[in-house]
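Trainee: I would like to go through a protein model with you. Could we take it topic by topic?

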Amino acid sequence: MSAGGHLARVPFILHPQAKELADGGASGFVLVLPGGGYAGRAEHEGAVITAFLADHGIPSGYLEYPVAPAIYPEALDQVLLALADLRAGVHGAFPGPIAVIGFSAGGHLAGSVATATDAERGDLAAREGTDPASLIRPDLATLCYPVISLVNRAHIGSRRNLLGDTDTEALATSLSVERRVDADTPPAFLWHTADDASVPVENSLLMAAALRDAAVPFELHVYPTGRHGLGLAEEVGAPVTDWRDAWLSWLARGGVGSAGS
């Protein structure tokens, strides 16, 4: 499948060094999904993250996925298409695993694509006139202080923006990521702060429990304190900044890393 499908693609911003890094022997690619409550997209969780990855020799790009007034499944469709385009070489050759990282509501989106259902993939494939087998989940998923549940300790703003006038308890339940996890969910890395006042840490705990129950490998870091939306967490320092090295090590173990790593 190429970028010439039926659904117009949203902007995909490839880091300027991504192709050079891949050509130089880097393995894999990270697709970045900023947070913003499905109302916007935070720059410090988009371009700043791809710059951080480039500094560590890893190819990446971020997606300007649809936000309100766009509703489900528009953002999910665009991430599935972006992953398919990456695998098809539309943006260049990036050999190795493809990971996603999402922050806050972007974490919900990353979790949703990591648990994309056959029905979601089949519906999009029918609209695109393509094979559902080309619309597959990422190989690795990173969820940073994520919105996970839309019904249990939920971030109500994200739910309202994602569902709009289609909001029902049944739909919100079906889109709660912890209820979508199955044995084919990719390995996951999660981090959160214990006193997050916007998206409670229970969201990550629910996801970790679901991954454990499905026997999916995961790594979870909960730090004692820190506001929501920290991104690289430079303003607070250690121990929250430890998530970055832990994540890079986890990516490397999953086959995503710089040349020679």
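Mentor: We shall discuss the sheet, the aromatic rings and some backbone details of this predicted model.

Trainee: Let us start with the sheet. In what order do the strands come?

Mentor: Seven strands make up an open sheet, and their order is β1-β3-β2-β4-β5-β6-β7. The pairing in this sheet is mixed.

Trainee: Which are the edge strands?

Mentor: They are β1, residues 12-14, and β7, residues 218-223; each of them pairs on one side only. On average, neighbouring strands of the sheet are turned by 15° against each other, with direction ignored.

Trainee: And how do β1 and β3 run, parallel or antiparallel?

Mentor: β1 and β3 run antiparallel, and three bridges join them. Within this pair, Ile 13 stands opposite Tyr 62 in β3.

Trainee: Which strands does α2 touch?

Mentor: Helix α2 packs on the sheet and touches β2, β3 and β4. The direction of α2 makes about 170° with that of β3. Helix α3 also packs on the sheet, where it touches β1, β2, β3 and β4. Its direction makes about 160° with that of β2.

Trainee: New topic: how many aromatic pairs are there?

Mentor: A search of the whole structure gives 10 aromatic pairs. One of them is formed by Tyr 38 and Tyr 65: the ring centres are 6.3 Å apart and the planes stand at 75°, so this pair is edge-to-face.

Trainee: Why does that angle make the pair edge-to-face?

Mentor: Planes over 60 degrees apart count as edge-to-face, and the planes of Tyr 38 and Tyr 65 are at 75°.

Trainee: Where do Tyr 38 and Tyr 65 lie?

Mentor: Tyr 38 is in the loop between β2 (29-33) and α2 (47-55), and Tyr 65 is in the loop between β3 (60-63) and α3 (74-87). The pair therefore ties together parts that are 27 residues apart in sequence.

Trainee: Are they buried or exposed?

Mentor: Tyr 38 counts as buried at 3% relative accessibility, and Tyr 65 is buried with a relative accessible area of 0%.

Trainee: What kind of pair do Phe 103 and Trp 243 form?

Mentor: Phe 103 and Trp 243 form an edge-to-face pair, 6.3 Å from centre to centre with 80° between the planes. Phe 103 lies in strand β4 and Trp 243 in helix α9, so this pair ties together parts that are 140 residues apart in sequence. Both Phe 103 and Trp 243 are buried.

Trainee: Which residues form a cluster with them?

Mentor: One aromatic cluster is formed by Phe 103, Tyr 145, Trp 191, Tyr 223, Trp 243 and Trp 247.

Trainee: What about Ser 104 and its phi?

Mentor: Ser 104, which is not a glycine either, has a positive phi of about 55°. Ser 104 lies in the loop between β4 and α4 and is buried, with a relative accessible area of 7%.

Trainee: Last topic: which residues does a cis peptide bond join?

Mentor: A cis bond joins Ala 68 and Pro 69, with omega about 15°; Pro 69 is placed in the loop between β3 and α3. The bond from Ala 238 to Pro 239 is also cis, with omega near 5°, and Pro 239 lies in the loop between β7 and α9.

Notes:
Residues are numbered from 1 along each chain as its sequence is written. This is a predicted model: local features need pLDDT of at least 70, side-chain atom pairs count only at pLDDT 80 or more; totals for chains, interfaces and linings use all residues. Side-chain values use heavy atoms; hydrogens and water are left out. Rings of Phe, Tyr and Trp (its six-membered ring) pair if their centres lie within 6.5 Å; planes under 30 degrees apart count as stacked, over 60 as edge-to-face and the rest as tilted. Helices (H or I, at least four residues) and strands (E, at least two) are DSSP runs, numbered from the N terminus. Buried means under 20% relative accessible area, exposed over 50%, partly exposed in between (1.4 Å probe, protein chains only). Two strands pair if DSSP finds at least two bridges between them. Axes are lines fitted to C-alpha atoms, for helices over the stretch in contact, and angles run from 0 to 180 degrees between N-to-C directions. Contact means heavy atoms within 4.5 Å.
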